[in-house]
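Dear colleague,

Please find below the structure that I am handing over to you. My notes on its side-chain and helix packing follow.

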Amino acid sequence: MSGCSGHAVVSEGMPSVVPVPESIVPGDGHVAISHEMNVFIMSDAEGIDYAVGELARLARRIFGDRLDISCSRVSAPDSDDLSMVLPESAGKERCRLMFAVDPSLSPSSYRLEIAPDGIGIYGGDAAGCFYAVQTLRQIVPAEAYSGKRISYVDLPVMTVFDGPDMQYRGLMLDVARHFFTVDEVKEVLDIMAMHKLNIFHWHLTDDQGWRIEIDRYPELTRIGSVRKRTIIGKDPGGEYDETTMYDETPHGGYYTKDQIREIVAYAAARFITVIPEVEFPGHAVAALASYPWLSCTGEQYEVRQTWDIDDRVFCIGKESTFGFMEDVLSEVMELFPSEYIHIGGDECPDKMWMSCPDCRRRIQEENLPSFRALQGYGVARLGAFLESHGRHLIGWDEILEAGVTPMSVVMSWRGAEGGIRAANQGNRVIMCPTEYCYFDYYQSEDIENEPLAWGGLITLDKAYSFDPYAGLDSDVSSNILGVQANLWTEYISDIEGVEYMLLPRLAALAETGWSTGRKDWADFRQRMSSLVNLYDIYGLSYADYAQNED
Ligand code: TNX
């Protein structure tokens with residue numbers, strides 16, 4: 001690299017990549033990625049610029065202001081041979097990278113060719129190219145991110161072949177129990193991208209807060225987005241007494257429609273789909289506090305200040321409840337282009353319905369066998385409404401108890417049983433059982449030294465041992481769309497806490513979703529060290545992953 005002063009970083013040996021790629025084939029020699037970079041884009045696939053944008057961000061992270069990057073479009077060659085057909089004018093003294101779409105690769109798959117004369121990034125589509133850049137981020141040695149005035153990074157020649165096993169690799173973030181700002185949500189999306197996750201399930205409403213602006217119902221955010229204090233925990237006996245912790249500061253926040261569009265676009269640029277969740281018919285107190293006519297009694301409630309399950313739920317008897325939900329979902333569909341819309345459906349007691357004349361009338365008119373069946377009736381109506389708009393409903397596994405329509409997707413959280421049952425009856429399923437996927441649970445037995453958490457214990461090796469196909473007959477395993485980690489935030493009030501609970505367990509979940517068939521715990525432990533280096537480089541908090549010795 002003539003003409004470069006400054007520091008050079010040379011990488012030796014095979015890289016550690018998480019989630020583990022299909023194969024890494026070593027070659028001979030090295031190639032330098034220099035701060036003077038020519039990028040050739042040989043594709044006009046939708047989103048290809050997002051993949052190039054990610055490379056530019058990565059390069060800027062390494063070279064800082066020294067980065068001199070020029071991007072140009074070149075036309076694809078007539079022949080099928082895409083390999084490094086670069087124009088002579090590419091400039092031999094600058095490093096060369098090429099983005100291309102190779103139709104022989106599947107969607108989201110890629111081939112990353114680190115060759116002596118440049119780096120070829122071939123994706124089955126633009127998403128595949130994006131994931132190749134994520135792999136490159138891990139192949140670059142940690143010292144390259146030191147912030148010193150680096151002029152080039154020397155990488156060993158190799159070819160990486162890779163692609164995801166599961167099409168749905170999700171993370172749910174609860175922003176209702178604690179609110180996270182737009183910038184914080186973007187940070188979560190960046191963490192997801194680093195782990196090759198592609199679905200952000202955004203839990204936007206719950207008893208303790210309504211976080212999405214809805215034009216037709218302004219009280220949802222004026223009233224429903226603020227709780228006047230937080231009662232943090234009960235004593236171990238489940239009572240509220242002098243050991244109960246109170247936070248007397250009001251807690252609130254919501255996203256305007258513009259902010260939501262900003263998040264959806266930011267996610268799309270990282271090949272992440274945002275699936276919004278609006279809870280129905282339970283976890284509804286913030287909505288009922290905003291519009292008392294949505295409940296069975298019409299009483300004026302306050303936005304809830306405690307956690308756990310609440311008896312106060314949407315009235316299923318009154319037509320006005322469905323008018324409300326359809327209006328809300330219409331505005332939600334305008335904001336979120338996702339194929340799926342999540343309507344919650346979990347933990348809904350039927351106590352209020354039992355003494356409600358409207359709910360009783362509904363049971364008679366619809367010939368329903370029980371109060372419980374009111375939930376199925378309501379969810380099925382919303383499912384049909386979403387279907388009529390070309391979308392599909394996702395619900396927590398309680399929706400299986402009644403009324404699940406064939407196109408609905410079941411999110412299996414109370415173990416895998418619900419998911420297995422749903423898959424057997426032909427519904428599609430997302431697996432996120434509490435046992436393996438609830439990252440609000442402790443990650444170490446040494447809870448004295450851990451931040452206060454919901455309870456439970458999911459160590460890194462436990463999270464890693466998750467087999468989403470366990471107990472499933474092979475003929476229905478194709479109904480499993482994928483896996484998801486859930487981060488409920490009753491006890492997580494800041495972004496450092498979010499990072500700490502996610503990392504490094506999110507890496508285990510990512511490997512389960514991306515590399516399902518080739519997991520190996522001992523090998524993962526080894527490979528994790530370079531991903532953890534990246535956590536340090538990006539200033540992320542994470543739990544000590546070496547603590548769970550097997
Ligand atoms: C159950 S999982 C809930 C949430 C809580 C979580 C705490 C699910 C569908 N409902 O409302 O936050 O447990 O782990």
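How are α3 and α14 oriented relative to each other? In this predicted model, helix α3 (residues 182-194) and helix α14 (residues 495-502) pack with their axes 10 Å apart, at an angle of about 20°. Angles under 35 degrees count as roughly parallel, and α3 and α14 are therefore roughly parallel to each other. Their crossing is right-handed. On the α3 side, the contact involves Glu 184, Glu 187, Val 188 and Ile 191, which meet Ile 495, Val 498 and Glu 499 in α14.

Turning to the rings, the structure contains 31 aromatic pairs. One of them joins Tyr 217 and Trp 293 in a tilted arrangement, with 6.4 Å centre to centre and 50° between the planes. This pair links distant parts of the chain, 76 residues apart: Tyr 217 is in the loop between β12 (209-210) and α4 (219-222), and Trp 293 is in the loop between α6 (285-290) and α7 (319-335). Tyr 217 counts as buried, at 10% relative accessibility, whereas Trp 293 is partly exposed, with a relative accessible area of 37%. Both residues belong to one aromatic cluster, which also includes Trp 210, Phe 280, Tyr 291, Phe 314, Phe 322, Phe 324 and Tyr 377.

Two charged side chains also sit over rings. The charged end of Lys 196 is placed over the ring of Trp 514, 5.7 Å from its centre. Arg 312 lies over the face of Tyr 301, 4.8 Å from the ring centre.

With kind regards

How values were computed
Residues are numbered from 1 along each chain as its sequence is written. This is a predicted model: local features need pLDDT of at least 70, side-chain atom pairs count only at pLDDT 80 or more; totals for chains, interfaces and linings use all residues. Side-chain values use heavy atoms; hydrogens and water are left out. Rings of Phe, Tyr and Trp (its six-membered ring) pair if their centres lie within 6.5 Å; planes under 30 degrees apart count as stacked, over 60 as edge-to-face and the rest as tilted. Helices (H or I, at least four residues) and strands (E, at least two) are DSSP runs, numbered from the N terminus. Buried means under 20% relative accessible area, exposed over 50%, partly exposed in between (1.4 Å probe, protein chains only). A charge sits over a ring if NZ of Lys or CZ of Arg is within 6 Å of the ring centre and within 35 degrees of the ring normal. Axes are lines fitted to C-alpha atoms, for helices over the stretch in contact, and angles run from 0 to 180 degrees between N-to-C directions. Angles under 35 degrees count as roughly parallel, over 145 as roughly antiparallel, 65 to 115 as roughly perpendicular and the rest as oblique. A crossing is left-handed if the near helix is turned anticlockwise from the far one by less than a right angle, and right-handed if clockwise. Contact means heavy atoms within 4.5 Å.
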